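Please walk me through this structure, one feature at a time. I would like to learn how to read each kind of feature before looking at the case at hand.

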Amino acid sequence: MRRVKLDRIDRRILRDLQNDGRMTNVELARRAGISAPPCLRRVRALEEAGFIRGYHADVNPDALGFGVTVFAQVGLSSQAEADLKKFEELVNSWPLVRECNMLAGEYDFVLKIVAEDWDDYQRFLTTKLTSAPNVAHVKSALSIRTSKHTPGVPIDVDSPDIPEGTEDDEDEDYVEDEAETPARATRR
């Protein structure tokens, strides 16, 4: 991964793609105030540097028959690193589990689980989750509704580019040269 300094244009690109990953490169460039070829180069650099991990559709669970969302707090019998990794590997094999976060505190993990209905969740709970090796206890919390769903992180476009006294021209990755040969135009 290349090191990339994020300037105002990069942050604008990240914010706009986070809000609409299907935006054309031309529209993205227009919003960022640059032309399409350097915009595409910046997007590729942000992808290569790991700032952009992928592009996804925001699918409506209810429309696909997944009417129940449950947050399960899971406590394990052992918190040895090998046991934690085994649990995470097992969780990754369960399609109903959409998110898995390791916690500090009373519980070791919180899982976001979708199911068709409460009975479907109960089957998953009893046949998979509570019967999994090393699982000591599970506390389930049924989501009544989602009032906010904002993936990603807040991106402040207007934050300073480089803190005072830390400028380093050797690390600069971007050259705004319109004559530079553009990369393959895969984002339109």
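This is a predicted model: local features need pLDDT of at least 70, side-chain atom pairs count only at pLDDT 80 or more; totals for chains, interfaces and linings use all residues.

Q: Is Asn 101 buried, exposed or partly exposed?

A: The general idea is a scale of relative accessible area, on which buried means under 20%, exposed over 50%, and partly exposed in between (1.4 Å probe, protein chains only). Asn 101 has 36% relative accessibility, so it counts as partly exposed.

Q: Which residues does Asn 101 touch, not counting residues up to four places away in sequence?

A: Contact means heavy atoms within 4.5 Å, and by that rule Asn 101 touches Asp 108, Phe 109 and Val 110. A distance can also be given for a pair of residues: Asn 101 and Lys 112, which are 11 residues apart in sequence, are 8.8 Å apart in space, C-alpha to C-alpha.

Q: How many helices and strands does the protein chain have?

A: The protein chain has five helices and four strands, and read along the sequence they follow the pattern α-α-α-β-α-β-β-α-β. Of the 188 residues in the protein chain, buried residues make up 30%. Among the contacts with a separation of 6 or more, 73% are between residues 24 or more positions apart.

Q: Which strands are joined to β1 by bridges, and in which sense do they run?

A: Two strands pair if DSSP finds at least two bridges between them. Strand β1 (residues 68-76) is joined by seven bridges to strand β3 (residues 109-115), and these two run antiparallel; in β3, Lys 112 is the bridge partner of Phe 71. With strand β4 (residues 135-142), β1 also pairs in the antiparallel sense over seven bridges, and here Leu 142 in β4 is the bridge partner of Val 70. Seven of the nine residues of β1 are buried, so this strand is largely enclosed by the rest of the structure.

Q: Which residues have the most contacts inside the largest nonpolar core?

A: In soluble globular proteins, nonpolar side chains tend to be buried together. A nonpolar core is a set of buried Ala, Val, Leu, Ile, Met, Phe, Trp, Tyr and Cys residues joined through side-chain atoms within 4.5 Å. The largest one here has 21 residues, and those with the most contacts inside it are Val 74, Phe 87, Leu 111, Ile 113, Tyr 121, Phe 124 and Leu 129. The elements that give two or more residues to this core are β1, α4 (81-92), β3 and α5 (118-129), and the largest share, five residues, comes from β1. Apart from this core lies another, of 12 residues, among them Ile 13, Leu 28, Ala 29 and Ala 32.

Q: Where do the buried residues of helix α2 fall, seen down its axis?

A: To judge this, one takes the arc of the directions from the helix axis to the C-beta atoms. In α2 (residues 25-32), the buried residues are Asn 25, Leu 28, Ala 29 and Ala 32. They fall within an arc of 100°, so they line one face of the helix. On the other side of α2, Val 26 and Arg 30 are exposed, while what covers the buried residues includes α1 (8-19) and α3 (36-48). After α2 comes Gly 33, whose phi is positive, near 80°.

Q: What are the buried residues of α5, and what covers them?

A: The buried residues of α5 are Asp 120, Tyr 121, Phe 124, Leu 125 and Leu 129. They cover an arc of only 140° around the axis, which puts them on the same side of α5. Their cover includes β1, α4, β2 (97-102), β3 and β4, whereas Asp 119 and Thr 127, on the other side of α5, are exposed.

Q: Is Asp 16 buried or exposed?

A: Asp 16 has its place in helix α1, and at 3% relative accessibility it counts as buried. Leaving aside its neighbours within four places in sequence, Asp 16 is in contact with Met 23, Leu 28 and Arg 31.

Notes
Residues are numbered from 1 along each chain as its sequence is written. Side-chain values use heavy atoms; hydrogens and water are left out.
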